[in-house]
Amino acid sequence: FPSHDKPQLAAIGALKSTSSAVDLDLALAEFSNSLGVAIFLKYVSPDPLVRQAADEVEMEVQKLLVDIFTRADLFEAVRNSEAFLSQKDPIEAELIKDYLFNFRKNGLDLSAPEREAFINKKKRLVELEAEFSKNLMEENTRLAFLKEDLKGLPDSFIQSLPVVDHEKVEISLSYPIVTGK
C-alpha cells in the first residue's frame, strides 16, 4: 500500500465496526486503482526495463496482498462483522463471506508457527508465478509449418501468418498466437 494507506488498514483492523469488510474492500479498491497503470506497463511497454520494473512491482503487490490477507487484526475485524450477517444486505453479506474465506484460505485458522510457514511458502509461490509469467511474456520461439499441416485452423488465421521458405508459414509460440486453450 502507498504509505498513506497503511494507517487506513490499521484503522480497519482496530475497528469494532460491523462494516469492516466494506472498509477493507474500499481500501483494496483504492490500492488497486493506484497501481493499475504501473502493472499494465508490464504487458504493453516496448521498453524491457519498464516491463521488468512493472513485473517487480506486480510481484511486490502480490506479496503485499499475502501480508494483508494474513493479518490477524483484519481477519478479526471482518469476523466480527459475521455476527451481523442477517442484518446486512445480500451483497455486503456475500462480501463478508468472501473475505472470511480468503483469510482462512491464507492460513488465519492455523497456529502462529504454521501460519508463518504458510506465509513464507505463499510468498515463494508468488515469486515463482512472477518468474513463470515473465518467461511466458519473453517467449519468442517461432516454428515453420507447411500449410497442409495446419488443417483445421481457420483460413483467415493461416493467411495472416508470415510465409517463410516459399512453402511454409511461421507461427510464434508467444501470446496471443498460442493461448493454451
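Leu64 belongs to helix H3, residues 48–68, helices being DSSP runs of H or I with at least four residues and strands runs of E with at least two, numbered from the N terminus. Its C-alpha lies 9.0 Å from that of Lys123, 59 residues apart in sequence.

The model is predicted: local features need pLDDT of at least 70, side-chain atom pairs count only at pLDDT 80 or more, and totals for chains, interfaces and linings use all residues. Residues are numbered from 1 along each chain as its sequence is written, and side-chain values use heavy atoms, without hydrogens and water.

I turn to the aromatic rings. The structure contains 3 aromatic pairs (centres within 6.5 Å; planes under 30 degrees apart are stacked, over 60 edge-to-face, the rest tilted). Phe69 and Tyr99 are stacked, because their ring centres are 5.8 Å apart and their planes meet at 20°. This pair links distant parts of the chain, with Phe69 in the loop between H3 and helix H4 (72–82) and Tyr99 in helix H5 (residues 90–105). Phe69 also forms a tilted pair with Phe103, at 5.2 Å centre to centre and 50° between the planes. Phe69 is buried at 12% relative accessible area, and Phe103 is buried at 0%. Ring pairs join Phe69, Phe75, Tyr99 and Phe103 into a cluster.

Finally, Glu148 sits in the loop between strand E1 (142–146) and helix H7 (155–160).

Key:
Rings of Phe, Tyr and Trp (its six-membered ring) pair if their centres lie within 6.5 Å; planes under 30 degrees apart count as stacked, over 60 as edge-to-face and the rest as tilted. Buried means under 20% relative accessible area, exposed over 50%, partly exposed in between (1.4 Å probe, protein chains only).
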